[in-house]
Amino acid sequence: TTGYKIIPVPKKYERIIPAQRIATEQLEDPHLQRIPKEFQALYTDFRPNDELSEEEKSERFVMRLLMQIKDGSVYQRKQAIRLLTTHAPKIGPELVFRKFFALAQSPALSELEKHSLVKTLDRLMYRMSDSITEYIPRLLDFIGKMLVDNEPVTRAEGREIISNLAKICGLAEILSLCKDKLGSEIDEERN
C-alpha cells in the first residue's frame with residue numbers, strides 16, 4: 001500500500017450484484033416481452049436449485065421444459081416433451097396445467113409454437129388421464145378457441161384433441177360439465 005491511500009466506502013453507495021444487473025437488463029430486453037409474466041421469473045431468478053423449495057424446483061423444471069418445447073430445436077422439443085410427460089404424474093396436474101395454459105394462451109405464439117404446445121397437451125392428457133377430469137372445463141375453453149380459428153389445420157387439431165379427451169374421460173363426463181354452456185344465449189359460450 002505504499003503510495004496509495006485507502007478511501008472508505010461512501011455511505012450512500014449500493015453495490016450492484018451482477019445477477020441483479022443482468023436481471024435489470026433482461027427486464028428491458030424486447031425478447032423477454034414475448035414471454036408470459038409467469039415465465040419471466042425463469043430468466044430473472046438466479047438462485048441455485050439447492051436454495052429452492054421442492055415446489056419451486058418443480059415449477060422451474062416445468063417452466064424450463066415448456067420453454068424448450070416452445071423455443072427449442074426439434075431434438076430439444078422431443079426431449080422436453082418426453083421428460084414432461086414422464087414426470088407430469090409425479091409433479092401433478094395442477095402445476096403442469098397452470099403453467100401450460102399461461103404459456104399456451106400467450107398472444108405472441110407463432111403457429112409452430114402453438115402446434116408444439118398442442119401436441120404436448122395431447123400427450124399430457126393421455127399420461128395424466130386419471131387426474132384431468134377437474135381440468136376439463138379449462139381444456140375445453142382452450143380447445144374451443146381452436147375450433148373457431150381461421151386455419152383449417154388448427155381446427156383439425158382442436159377436433160382431434162376433443163376426440164381424445166372424450167376417449168380419456170368419456171363423452172358423458174364432458175357433456176355433463178358443458179351442460180350449462182350448451183343452452184347459453186351467448187354464441188361464444190355455446191360454440
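I started with H3, where Arg60, Val62, Met63, Leu65, Leu66, Met67, Ile69 and Lys70 are buried. Buried here means under 20% relative accessible area, exposed means over 50%, and partly exposed lies in between, with a 1.4 Å probe and protein chains only. Helices are DSSP runs of H or I with at least four residues, strands are E runs of at least two, and both are numbered from the N terminus.

A note on the source: this is a predicted model, in which local features need pLDDT of at least 70 and side-chain atom pairs count only at pLDDT 80 or more, while totals for chains, interfaces and linings use all residues. Residues are numbered from 1 along each chain as its sequence is written, and side-chain values use heavy atoms, with hydrogens and water left out.

**The whole chain**

I looked up the overall make-up next and found 10 helices and zero strands. Of the 191 residues, 34% count as buried. I also checked the contacts (heavy atoms within 4.5 Å). Among those between residues at least 6 apart in sequence, 64% join residues at least 24 apart.

**Back to H3**

H3 covers residues 54–71, which is 18 residues, and it reaches 26 Å from its first C-alpha to its last. That is close to the 26 Å expected at 1.5 Å a residue, where the expected span is 1.5 Å times one less than the number of residues. What do the buried residues of H3 pack against? I found H2, H4 (74–91), H5 (93–104) and H6.

Met63 is buried, at a relative accessible area of 5%. Leaving aside neighbours within four places in sequence, Met63 is in contact with Glu38, Phe39, Leu42 and Lys99. I also noted Gln40, which is 23 residues from Met63 in sequence and 9.7 Å from it in space, C-alpha to C-alpha.

**H2**

Ser116 sits in H6 and is buried, with a relative accessible area of 5%. Beyond its neighbours within four places in sequence, Ser116 is in contact with Ile69 and Arg77.

Thr120 is also in H6, and I read a relative accessible area of 0% for this buried residue. With neighbours within four places in sequence set aside, Thr120 is in contact with Ile69, Ile81 and Leu84.

**H6 against H7**

How do the axes of H6 and H7 cross? The axes of H6 (residues 111–127) and H7 (residues 136–147) come within 13 Å and cross at roughly 145°. Axes are lines fitted to C-alpha atoms, for helices over the stretch in contact, and angles run from 0 to 180 degrees between N-to-C directions. From H6, Val118, Leu121 and Met125 make the contact, and from H7, Leu139, Phe142 and Met146. I sorted these residues into six nonpolar, no polar and no charged. Nonpolar covers Ala, Val, Leu, Ile, Met, Phe, Trp, Tyr, Cys and Pro, charged covers Asp, Glu, Lys and Arg, and the others, Gly among them, count as polar.

My last stop was Gly144 in H7, which counts as partly exposed at 22% relative accessibility. Gly144 and Arg155 are 11 residues apart in sequence and 9.2 Å apart in space, C-alpha to C-alpha.
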